[in-house]
Amino acid sequence: MRPLTEIRIAGFGGQGVILAAAIVGKAAALFQGGYATMTQNFGPEARGGSCSAQVILSSEPILYPYVTQPDVLVVMSQEAYTRFTPELKHGGILILEQDLVRVDRFPDGARVFGVPATRLAEELGRKVVLNVVMVGFFGAVTKLLDAEALRRAVADSVPPALQKLNLEAFDQGYAYGAQAVGRLAEHGEVDSLDALEFL
Amino acid sequence: MHADPKGVLTGVHFLDGDHACCEGTLAAGARFSAGYPITPSTEVVERFAARIPTVGGVFVQMEDELAASIAIQGAVWGGAKAFTVTSGPGFSLMMEHIGYAVMTETPCVFVNVQRGGPSTGLPTLPAQADMMQARWGSHGDYGIIALCPNSPQECFDLTITAFNLAEEFRVPVLMMLDECVGHMTEKVIIPEPGQIEITPRHLTQRPPEAFHVFEPGENLVPEMVQAGDGYRFHITGLTHDERGYPSMNVEVQDRLVRRLQDKLKPLANGRALCETEHLDDADVVVVSYGITSRVAQRALQLARQKGIRAGKFRIIQAWPFPEERIRELAGRVKAFVVPELNLGQMVHEVERAAAGQAKVIPVSHAGGGVHNPEAILKAIVEAAK
């Protein structure tokens, strides 16, 4: 695991933003021997407002708990995109819910990946698993964590009755991400792993 | 005595501080909670309400904080270990009954997940501005115990410590979280029940005719009884004698109120809970607690990289204040730097204990976020000059 990676996942309340971040943190802290600290931003409203969660992954104990400049930004709403893209670290990775976010201008030096997470989730029969599709996609394009650690974290974070569905969602997202990275390689571009080396 | 396995969720978890605190209450043996949930403390009792039916116990959602903070005391005298949870304005409302628990020596735990104030302030954002209220918020002279965890793991561990100290000293113990620690999610290891030490209630062995409910032992703490065991006892918030009956006598008042303070003295001195680092060669000591202690640790690393001899004094037990430790350090360091998420509270205690022997530099922050480590570093650099 890298010494320190800052990740922000943002969208609107009800999309499972917090759970997505919790799965990533859990994979690192419980199933891959690293450290993870997750915090979340929310206002007084119960649902529907903007929502963002932050996870720091590290090979060392984490002191400062908040993300200052994310290495990886996952956005699942237009508002989240507008608000958080300016703070993405130069050379960082931007992951979009491509049906919900229209990109006006690609941020300089960022590597951008899109996934129709909501549509993929609907094809599986349940729109609510879009967050887990997103986690799978995140895993494949960032390669920050082992797929198996993430899979275990998914299984560990959902009720037993929904485990199968969520693992399918994870696999869908992961496969979609692996394809995206594969296409990049075909075009002779560096894949995400190399991209992260110069973060 | 070891923890009752029914309440212990042994394993490795990814929990926020509030949830970890709840698991701490269950592991410590709490089987009753009454609450009037308020952000950012709600998750503690939300989890308790979900867990307690299978563990065996009671959660009551009360009509307000006054009711919650007194219902737990009824439960304690009925034999249970009990706690309540609050934040911000709710903590203000509980002051009356914190005093009642002090006066009636009712062992119980109050969890305050501090948010920005005054008044309703910043419901979802952190502060550490209730530290003096924790110490002095109820009227009259008294002593209190307050603990400040800085991680979800400590929210679990120190909640157990809080219940144990409550039983040992028969005093309400305040768990002073902050929103950041309460809502931060990290790995939490919950050990096997056999590895968790629990202080049982010190119930009297004397026969009813020879027992006085407020007669102190050598440690200044009276033995306890519980309703239904055949003892007749009278509990009142009025000044009372050793039998528990009201008294208007000046000497009774003096004896009682002094004892309520004096029984906590061992904690102010040798037993003060704290965490220290690099104090042997330190010129500057950073005194901090709660979430600020983690930010301060980062500043300390940066200071050491600059070659500044900076040491760490993390307050885990804010009250009683570890004044002997600070006084001893004050004789041999140049300065204390005291960052906190308020405009200056515990820094006054550091000043008092240092008694002019070393400079004391506050790094204040009105709350709503945490310090930038650079701000603390700047103060360390200034202090070292």
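Student: At what angle do helix α1 and helix α2 of chain B pack?
Tutor: In this predicted model, local features need pLDDT of at least 70, side-chain atom pairs count only at pLDDT 80 or more, and totals for chains, interfaces and linings use all residues. Residues are numbered from 1 along each chain as its sequence is written, while chains are lettered from A and ligands numbered from 1 in the order in which they are written. Helices (H or I, at least four residues) and strands (E, at least two) are DSSP runs, numbered from the N terminus. The axes of α1 (residues 17-28) and α2 (residues 42-55) of chain B lie 8 Å apart, and the packing angle is about 40 degrees.

Student: Why are α1(B) and α2(B) called oblique to each other?
Tutor: Axes are lines fitted to C-alpha atoms, for helices over the stretch in contact, and angles run from 0 to 180 degrees between N-to-C directions. Under 35 degrees counts as roughly parallel, over 145 as roughly antiparallel, 65 to 115 as roughly perpendicular, and the rest as oblique. The angle here is about 40 degrees, so the pair is oblique.

Student: Which residues of α2(B) make the contact with α1(B)?
Tutor: Two residues are in contact if their C-beta atoms, placed from the backbone, lie within 7 Å. From α1(B) come B:Asp18, B:His19, B:Cys21, B:Cys22, B:Thr25 and B:Leu26. From α2(B) come B:Glu43, B:Val44, B:Arg47, B:Phe48, B:Arg51 and B:Val55.

Student: What separates the centres of the two domains of chain B?
Tutor: Domain bounds come from an automatic or database domain assignment. They give domain 1 (5-195) and domain 2 (274-384) of chain B. Taken over C-alpha atoms, the distance between their centres is 27 Å.

Student: Which element gives the largest share of the side of domain 1 of chain B that touches domain 2 of chain B?
Tutor: In this contact, 22 residues of domain 1 of chain B meet 21 residues of domain 2 of chain B. Elements supplying at least two residues on the domain 1 side include β6 (122-126) and β8 (172-178) of chain B. The largest share, 4 residues, comes from α5(B).

Student: How many residues of chain B are in contact with chain A?
Tutor: On the chain A side, α1 (17-31) and β2 (35-41) of chain A give two or more residues. Chain A brings 17 residues to the contact, and the count for chain B is 17.

Student: What is the mean pLDDT of chain B?
Tutor: pLDDT is the predictor's confidence in each residue, from 0 to 100. In chain B, 100% of residues reach 70 or more, and the mean is 97.
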